[in-house]
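Thanks for passing this one along.

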Amino acid sequence: MIAVVNGTVITPCRAIEDGVVLAEDSRVVAVGPRGLLHLPPAATVFDARGGYIVPGFIDLHCHGALGVNVNDPGTTAEDLCRIAQFEAQHGTTAFLLAVPTGSHAVMAKALSLIHEATGTDKGAQLLGAQAEGPYFNPAAKGAQAVEHMRPPDILELEEWLRICPELKLVSLAPEMPGALEFIAHARRKGLTLAVGHSRASYEEVLAAVAHGLSHATHTFNGMLGLHHREPGTVGAILTCDDITAEVIADNIHLHPSVVDLVVRCKGLEHTVLITDAMSATGLPDGQYSWDGRPVTVEKGAVRLPDGTIAGSTLTMERAVANAMADAGLTLAQAVRLATLNPAMAIGVADRKGRLAPGQDADIVILDKELEVRLTLVRGKVAYENP
Ligand SMILES: [Zn+2]
């Protein structure tokens, strides 16, 4: 038995002062105020020392860290485990690795590595893959490889699912030919479909929603913006309650007031914090590479030589702190955007995203400054700050 005590528990649906979380094996068995719960004398106790006890963060959109991108030619499954350990240091207990647009062979290799690394229990739990591409609109390429963008292909998806049955999320541009049929097919297979790198009109996004699209990739970045007579991709995402909206709250991809705007439109139920982290994450400013192209990291901002932003160096605990400042949220509200909401978006909320009996014991202790002190992944210590 594990007992995490002496902190404010954020479930995140409510905050419990002087709360306790009890876990047995890999699951939470009880959550409540100290006075209501019996602490078994043999329990291993973790003391939050007056800080916060929160569910582990879930990052749906991570490309890499510590010098590794999931799609780099030399990347191995072991490298992905190092990313998972880095994630745990920042309070992330479950994540998807996002494979960006590439040739069929390059994407297939990355997906097979993810399949290999899924289920190893080092650091954060790798839940599977996101395919961020290749079915994007070249006119909204961002830092993605435009030469490999192509129309949605159901046969290719089927092959990916054979290589990586843990593929959970596909981001695509719904205005591409064949997209609606692809969305309906992928949805039937249990995948989550997101609009991304798109110049879809308002109507095209709603047609995609009618076929099963339910999520939006880094809202505002890499998509047609808002115009008062042409609400466009962004207008549809902000106003359609069937879409959960990712935001990169690094104060580089979005002005703080735009994070506030998204939260005001999408509410606390439909906003999802992501990192979009790439290989320079966890390393100092300098020269790195993204998808075979050189990038410069300056004050944490990652840019191609032409100035295009190419991913981030954000970590989830900073995303939570930034969202609080940007949108005037309480810690409990911001934690929800990083835990329950991403779990709901990919259909794993039955076991992840909350501190409640029956859920995985993915538990993080934050101190008053929101620094990560301890990360438990399914009841095991994945990181402890000395
Ligand atoms: Zn992107």
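1. Let's begin with helix α5 (residues 202-210) and helix α6 (residues 232-239), which pack with their axes 7 Å apart and at an angle of about 45°. That angle makes α5 oblique to α6; angles under 35 degrees count as roughly parallel, over 145 as roughly antiparallel, 65 to 115 as roughly perpendicular, and the rest as oblique. The axes are lines fitted to C-alpha atoms, for helices over the stretch in contact, and the angles run from 0 to 180 degrees between N-to-C directions. Helices (H or I, at least four residues) and strands (E, at least two) are DSSP runs numbered from the N terminus.

2. Before going on, please keep in mind that this is a predicted model, in which local features need pLDDT of at least 70, side-chain atom pairs count only at pLDDT 80 or more, and totals for chains, interfaces and linings use all residues. Residues are numbered from 1 along each chain as its sequence is written.

3. Which residues bring α5 and α6 together? On the α5 side they are Tyr202, Val205 and Leu206, and they meet Gly232, Thr233, Gly235, Ala236 and Ile237 in α6. Residues are in contact if their C-beta atoms, placed from the backbone, lie within 7 Å. The residues of this contact divide into five nonpolar, three polar and no charged. Here Ala, Val, Leu, Ile, Met, Phe, Trp, Tyr, Cys and Pro count as nonpolar, Asp, Glu, Lys and Arg as charged, and the others, Gly among them, as polar. The crossing of α5 past α6 is right-handed; a crossing is right-handed if the near helix is turned clockwise from the far one by less than a right angle, and left-handed if anticlockwise.

4. Next come helix α2 (residues 104-117) and helix α3 (residues 154-163), with axes 9 Å apart and a packing angle of about 30°. These two helices are therefore roughly parallel to each other, and their crossing is right-handed. From α2, the contact draws on His104, Ala108, Leu111, Ser112 and His115, while α3 provides Glu156, Trp160 and Ile163. By class, that gives four nonpolar, three polar and one charged residues.

5. For helix α8 (residues 316-327) and helix α9 (residues 331-338), the axes come within 9 Å and cross at roughly 135°. That makes α8 oblique to α9, and α8 passes α9 in a right-handed crossing. Met316, Ala319, Val320, Ala323 and Met324 of α8 make the contact with Leu331, Ala334, Val335, Leu337 and Ala338 of α9. This contact has 10 nonpolar, no polar and no charged residues.

6. Stepping back to the domains, the chain is divided into domain 1 (2-54 + 353-384) and domain 2 (57-345), with bounds that come from an automatic or database domain assignment. Their centres, taken over C-alpha atoms, are separated by 29 Å. Across the boundary, 17 residues of domain 1 are in contact with 22 residues of domain 2. On the side of domain 1 that touches domain 2, β5 (52-55), β19 (363-366), β20 (372-377) and β21 (380-384) each supply at least two residues. β20 gives the most, with three residues. By class, this side of domain 1 has 12 nonpolar, two polar and three charged residues.

7. A few backbone details deserve a look. Most residues other than glycine have a negative phi, and most peptide bonds are trans. In this model, a cis peptide bond joins Thr11 and Pro12, with omega about 10°, and Pro12 is found in the loop between β1 (2-10) and β2 (15-24). The peptide bond from Gly133 to Pro134 is cis too, with omega near 10°; Pro134 is found in the loop between β10 (125-132) and α3. Arg49 has a positive phi, near 50°, and is found in the loop between β4 (44-47) and β5.

8. Finally, the chain overall. Its secondary structure comes to 10 helices and 21 strands. The radius of gyration of the chain is 20 Å, close to the 21 Å that the globule rule gives for 386 residues, so the chain is as compact as a globular protein of that length. That radius is taken over C-alpha atoms, and the rule is 2.2 Å times the number of residues to the power 0.38. Along its principal axes, the C-alpha trace spans about 60 × 45 × 40 Å.

Conventions. Two residues are in contact if their C-beta atoms, placed from the backbone, lie within 7 Å.
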